[in-house]
Amino acid sequence: MRRQDRISERRIQSNRLRRCYERRRNVLLFLTTVCLALSLTFTFSGFMSNAKELETPGEHKYYTSILIREGDTLWSIARTYMDLHYSSEEDYIRELCRINRLSDEELRAGMYLIIPYFSQQGFLPAAGYL
């Protein structure tokens with residue numbers, strides 16, 4: 001009987017170890033599956049998100065030139081051609097001066113001024129509709 005008891009005791013201990021390893025394996029498999037599912041969810045939700053930059057996708061910055069007429073000022077040009085991509089008329093005028101290398105706000109009739117605009121189609125909408 002003693003020998004039988006030892007064999008039985010080993011079998012019981014062996015079964016306990018096997019069940020412990022199976023539990024650990026199942027927990028590890030469950031955690032791996034959850035992590036993989038979360039990773040895939042975040043990856044695909046990143047592709048599906050509706051995040052937008054300041055510029056609307058497909059909208060690009062273009063440049064055109066306009067003829068300066070008598071009485072035109074940088075301020076009147078800014079009021080006519082500025083759109084929502086600029087925070088203020090001053091910002092737009094600063095960019096006009098930089099692009100056209102103007103050191104002062106003096107414009108002369110007959111000169112051409114390069115102005116920036118944003119468009120999806122690539123052409124300048126009618127003045128005042130930017």
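Is Arg101 exposed or buried? Arg101 counts as exposed, because its relative accessibility is 77%. The scale behind that word is simple: buried means under 20% relative accessible area, exposed over 50%, and partly exposed in between, with a 1.4 Å probe and protein chains only.

## Before you look around

What you see is a predicted model, where local features need pLDDT of at least 70 and side-chain atom pairs count only at pLDDT 80 or more, while totals for chains, interfaces and linings use all residues. Residues are numbered from 1 along each chain as its sequence is written, and side-chain values use heavy atoms, with hydrogens and water left out.

## The overall layout

The chain has three helices and two strands, and from the N terminus on they run α-β-α-α-β. These elements are DSSP runs numbered from the N terminus: helices are H or I with at least four residues, strands are E with at least two.

Of the 130 residues in the chain, 18% are buried. The accessible surface comes to about 10,700 Å², and carbon and sulfur atoms hold 55% of it; such areas come from the Shrake-Rupley method with a 1.4 Å probe, and for residues only the protein chains shown count as cover. A contact here means heavy atoms within 4.5 Å. Among contacts in the chain with a separation of 6 or more, 66% join residues 24 or more positions apart.

In soluble globular proteins, nonpolar side chains tend to be buried together. Here the largest nonpolar core has 17 residues, and those with the most contacts inside it are Leu74, Ile77, Tyr92, Leu102, Leu107, Leu113 and Ile115. Helix 2 (74–81), helix 3 (89–100) and strand 2 (112–119) each supply at least two residues of this core. To count as such a core, buried Ala, Val, Leu, Ile, Met, Phe, Trp, Tyr and Cys residues must be joined through side-chain atoms within 4.5 Å.

Now take helix 2, whose buried residues are Leu74, Ile77, Ala78 and Tyr81. They sit on the same side of helix 2, because they cover an arc of only 100° around the axis. That arc is taken from the directions from the helix axis to the C-beta atoms. The cover over these buried residues includes strand 1, helix 3 and strand 2.

Ile66 lies in strand 1 (residues 60–67), and counts as buried because its relative accessible area is 12%. Leaving out residues up to four places away in sequence, Ile66 touches Ile77, Tyr81, Met111, Tyr112, Leu113 and Ile115. Ile66 and Ile114 are 48 residues apart in sequence, yet 6.5 Å apart in space, C-alpha to C-alpha.

Over in helix 3 there is Glu95, which is buried because its relative accessible area is 10%. Apart from residues up to four places away in sequence, Glu95 touches Lys61, Tyr63, Tyr86 and Pro116.

## Rings and cysteines

Tyr86, Tyr92 and Phe118 are linked into a cluster by ring pairs. The count of aromatic pairs comes to three, where rings of Phe, Tyr and Trp (its six-membered ring) pair if their centres lie within 6.5 Å.

Cys97 counts as buried, because its relative accessibility is 17%, whereas Cys35 counts as partly exposed at 48%.

## Back to Arg101

Arg101 lies in the loop between helix 3 and strand 2. Most residues other than glycine have a negative phi. Phi of Arg101, though, is near 55°, a positive value in a residue other than glycine.

Notes:
Rings of Phe, Tyr and Trp (its six-membered ring) pair if their centres lie within 6.5 Å; planes under 30 degrees apart count as stacked, over 60 as edge-to-face and the rest as tilted.
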